[in-house]
Structure formats: C-alpha cells, structure tokens
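Biologist: Could you take me through this model, starting with its sheets and then going on to the helices?

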Amino acid sequence: MTSSTEHVETTEVVIAGGGPVGLTLAHELGSRGIGCVLLEPRPEPSLASPRCKQMNPRSMEIFRRLGIADAVRGNARLPFGWSDSAVFCTALTGHRLERFDGVFALSDVQRPDLAEPALWCAQNHVEEALRDTLTRRETVSARWGWTLTGLEQDATGVTATATDDAGRERVVRGRYLVGADGARSAVRRACDIPLTGRSHEIRNVQVIFDAPGLSARHRLGRAVQYWVVNPEVNGLMGMLTTEDLWWAIIINAREDADAAWYERAVHRMIGAEEPITVTATDPWTARMLVADRYREGRCFLAGDAAHQNPPWGGFGANTGIGDAADLGWKLTAALRGWAGDGLLDSYETERRPIARRAIAEAERNMRVLTGELAVPGLDGDGPDGRALRAKTAELIRQAKTAEMYTVGFVLGTAYSGSPIVLPDDGPAPASTGTEYRPSGAPGNRLPHQWLSRNRSLQDELGPGFTLLEIAAPPAPEWEPAAAEAGVPLTRYRLNRPDLHGLYAARYVLVRPDGYIAWRGEASPGDPRAVLDHARGQHG
C-alpha cells in the first residue's frame, strides 16, 4: 500500500461490491447526502446467471422511499402484472399437478396492506436500474472495474486498496467501509470474520437458454415458476423475458455433467426436444451460513458477505437489501453526529437474527423439493395416473404453500429485543409466515395506509425520524427536543381516528427506515429521552 496521500481519494463511506445490496446502500447514503465511493469489479451487470429473480414487497417499498421503484419496475423484462402464479407439473408440456395463484405478492391489483407489490425481475435488470438511477446521487461516485485488494483501518477511518480495470493500484480512504462483496467477501476475509453454518449436500445447476416459441407451445398458462416433478430430472424453470429467454434450475445435477447432459436435462424438463440454445450454466450449492459478527471496528458486512441463504422462498438478496436500509441511516447518524454510542452496534443486533430466521424459513422450504415429490407413474393417462397426480397435488399443497405465500414473514418480522426500540405492553398482532397482520407495536415495520389513490402514508415520512400525530393534539415539544439532540425530525398530523385501532396509539415515532421506535397514547413528559433511546444513546 502506498504511503503517499497524494493519490488517495477521500470519502465518507467506501462500499465494496456493486450488486443489489451495495447499490441499494449507495442509494441510501446518497439520498441522505453522504459521500461514498462504490467499488465494483464488473464493468456491467452479469447476464450469465441471474440467481435473484424476485424483489419482495419490502425491497420494493425501500426502492419507493428512495424514488427508484418505478425505474426498477420499468426495467423488468416481464411486464408488471404478467403473472402471479406458480405451476407444478410433470413437464412443461406434460400434466399439471397443482397451481398456486397470487404467489409472492406479485399481483398488480392494488392491496390495502402494500405500498408496493413484489416484482419478478432478473437480478441483472435490477442492477441496471439501480446503476442508471445512481447518477441522481451527487455525493456518490461509482468505480466500475475496480476490485478491492486490501484494507487497513485505524481510529479515524479505513484505507482501501483496489486495482482498476487497467491493472493500476488505487487507494480510497473513508471513515467507514461496508463489504457488500458477496459470498467470497474480501472484506470479511480481511476482517477475519468466520462464517458459521453448513452447506446442503446436493449440487444444483442453473441453466440459461433460448427457446424460440416455447411459451406458445405449452398449455400450462403463464407462471413465474414451473416446478417440474418427475423421476428423471427435477427442478424448476421459467421465463426471463417475453422473448423466450428461459432459466432452469436442475436439482441434484450430476458432478460430471457436460453440455450435452444439460441440454438433455432441459429437454426432459420441457417434455419434448424443443429447439434450445444453452447460453450459460452456473453450478451452485445451497448454503446456510451467517457471519459470526457483522462489524469489525469501522468495517461492516452486508448481504451475502454476512449471510448466505438457500434460494427457496426468495429471501437472499431481499434480506441484504434490508441490511442496506438498516445500516444506511445508522451510518448517516454516525457521520452527521447524532448517533448514540450504541447505534452502529445495533445494526448487527437487529439484522443478524433476521438473517438467521430467513435461513431457517428457506431451509424448511428445502426439506421438500421436486425430487421428494417425484414417483413413477405421474404421467400415466389412466385412472392410476390421475389418482397419483391427485395425491401428489395434496402433498404439494402441504409442503409448498408456505414457500409461495411469504408476505407475513417479509412484512411481519419485527426487531424483537432491539436495544433502540422502546417496547410496551400494548396490542402486538403477530404475523405468521403466510399471513401478514399489521402491527403498530414498537419494533415492527410501520403498517402502510393509502392516503389517496396512489399516495401512501409511508410517502409522508421524513428523511430522519417522523412523529405521527394520529387524531391527536399537536406535540410541538418534540421539535426543540430533537433540535437539542441534533436529530432530524418531521411531525406529520394524520387526522384519522379510524386508524387509532391499527396503531393502538395516538403518537407513533417512526425511524428513518420505516420501523416503529416508540408509541404512546400521550406525548411523553421527556421526548428527549425517547429520542435518545431510539438513536442508541443509553445512559
């Protein structure tokens, strides 16, 4: 590392990794005026293997707050509302076993509980939209083609060394550094942070292929996923674009598979020797791993660098985007001087249990995949075949319903036990994995409400804390308390007595990430104490 400061670029936050998580964090920080430099080795998003395909309602809600949800939706190659179904079948051109509708909260029909529905969109197209809109953030500099090669930290900052696409050494110094650089994170290795957990025993392969006209030649209808259940080749498949670019995941693929084997496997999943061109293959193994800690001094981990999730349920990248939303406002508070001593530590306290829960949900979904459902005779056209398919359909409903309907987990998971949340003994409806029950209890995401046709209550939240006054007397005493603490605060009066039952309070303090920090029937005698607790200043 060079000792000269002449060629050292300085910033407030260095972000290593420009996938969905690093890009979301750059947007979070940039929207708050924080200077950051993003280092990403890939000059452009990879088209080879878009593992993430689902942006869940919470991720889309975060994008809405950042003003980029429309851009992300507009870059999807399957139009919004194209399908919200998943089909289980013996082959794409074979027998249908079961169909789930309204999956993953993908419907384009407006719902009272969602500010933003989910979106089916390949990861590379999500990244394209996040890159394009990053130009709106004046304080963010993206360094495409730069690879982090080392870091050193001291009491005042972190110095990162990188190599650019021409092989030249570059040095960037920030007050903090975030490793959003994936499963093989160089930041995690440099910080000597272990991963704990296990890997699944089977090998899977994702295949990307062109299949002109295939979508018009099967009779299963539109679906975002086709789960193929047969004794020979098991897995799932679907379309990436309306131009018949497809993906397929072959579960328990052969170790010695070659190009001819992949083509035969895809043909078996289709159920016919349709003309296809395989454009990419990507072997992978499901991993259930969590970093032992999310912070080392001034360095933090986010996304796959911190946790690695099996894909079943679509929690991986979305959990990482949630990491970015949580860490972004806390770094802002630290850099702008209003964070308490415990605020940055609360990032791990809040987000690590969420990762563990997401992995547990995905691991539960993984217990029954298509191989466990496949039995000989499913394709039979006689009474025995029909009876076997009916029995298998019942097994599918029992085993896979929770995987198809996840909005309760996505929106209902709370920061239980967080040190920066003030708990109370008021009503606290608990969501299940499949059913979302809005709750105004501290630690929960603020339940969404439509204020007009396209205006959400969440659109009224300020960039810092927001005090909602719900059909309650104004509470101006909060503003001098916030000013004294240096905390940005917005007061929003909501003259809706009908919402009192939902929030179970007349005053609700909402954090910058949209989670509830405190609620009360009356304004507290000491608002400063509430704000201090919520910003991590304890004692």
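Modeller: A term first: two strands pair if DSSP finds at least two bridges between them. Helices (H or I, at least four residues) and strands (E, at least two) are DSSP runs, numbered from the N terminus. This is a predicted model, in which local features need pLDDT of at least 70 and side-chain atom pairs count only at pLDDT 80 or more, while totals for chains, interfaces and linings use all residues. Residues are numbered from 1 along each chain as its sequence is written, and side-chain values use heavy atoms, with hydrogens and water left out.

Biologist: Fine. How many bridges join β5 to β15, and in which sense do they run?

Modeller: Strand β5 (residues 85-89) and strand β15 (residues 225-228) run parallel and are joined by four bridges. Within this pair, A86 stands opposite Q225 of β15.

Biologist: What sheet do they belong to, and in which order do its strands come?

Modeller: The sheet is open and has seven strands, in the order β6-β5-β15-β16-β17-β14-β18, with mixed pairing. Its edge strands, β6 (96-101) and β18 (277-284), each pair on one side only. On average, neighbouring strands of this sheet are turned by 15° against each other, direction ignored. Such angles are taken between N-to-C directions and run from 0 to 180 degrees; the axes are lines fitted to C-alpha atoms, for helices over the stretch in contact.

Biologist: Which strands does α7 lie across?

Modeller: Helix α7 lies across β14 (204-210), β15, β16 (234-239), β17 (245-251) and β18. Relative to β17, α7 runs at about 100°. Helix α11 (residues 383-404) lies across β5, β6 and β15, and its angle to β6 is about 30°.

Biologist: Changing topic: which way do the residues of β12 point?

Modeller: In strand β12 (residues 176-179), Y176 and V178 point one way, L177 and G179 point the other way, and all are buried.

Biologist: Why do side chains alternate like that?

Modeller: In a regular strand, side chains alternate between the two faces of the sheet.

Biologist: Which strands pair with β12?

Modeller: Strand β2 (residues 13-16) pairs with β12 in the parallel sense over four bridges, and V13 has Y176 as its bridge partner there. Strand β21 (residues 299-301) also runs parallel to β12, joined by three bridges. In that pair, V178 stands opposite F300.

Biologist: Now the helix pairs. At what angle do α8 and α9 pack?

Modeller: Helix α8 (residues 316-336) and helix α9 (residues 345-366) pack at an angle of about 170°, with their axes 10 Å apart. That makes α8 roughly antiparallel to α9. Angles under 35 degrees count as roughly parallel, over 145 as roughly antiparallel, 65 to 115 as roughly perpendicular and the rest as oblique. The contact is made by T319, G322, D323, D326, L327 and K330 of α8 with S346, Y347, E350, R351, I354, A355 and A358 of α9.

Biologist: How do the residues of that contact divide?

Modeller: They divide into five nonpolar, three polar and five charged. Here Ala, Val, Leu, Ile, Met, Phe, Trp, Tyr, Cys and Pro count as nonpolar, Asp, Glu, Lys and Arg as charged, and the others, Gly among them, as polar.

Biologist: And how do α13 and α15 cross?

Modeller: The axes of helix α13 (residues 478-485) and helix α15 (residues 527-534) come within 9 Å and cross at roughly 45°. That makes α13 oblique to α15. The residues in contact are W478, A481, A482, E484 and A485 of α13 and P527, R528, V530, L531 and D532 of α15. They divide into seven nonpolar, no polar and three charged.

Biologist: Lastly, where is A105, and what is its phi?

Modeller: A105 is found in the loop between β6 and β7 (119-120). Although A105 is not a glycine, its phi is positive, about 60°.

Definitions and conventions:
Contact = heavy atoms within 4.5 Å. Buried < 20%, exposed > 50% of the residue type's maximum accessible area, 1.4 Å probe, protein only.
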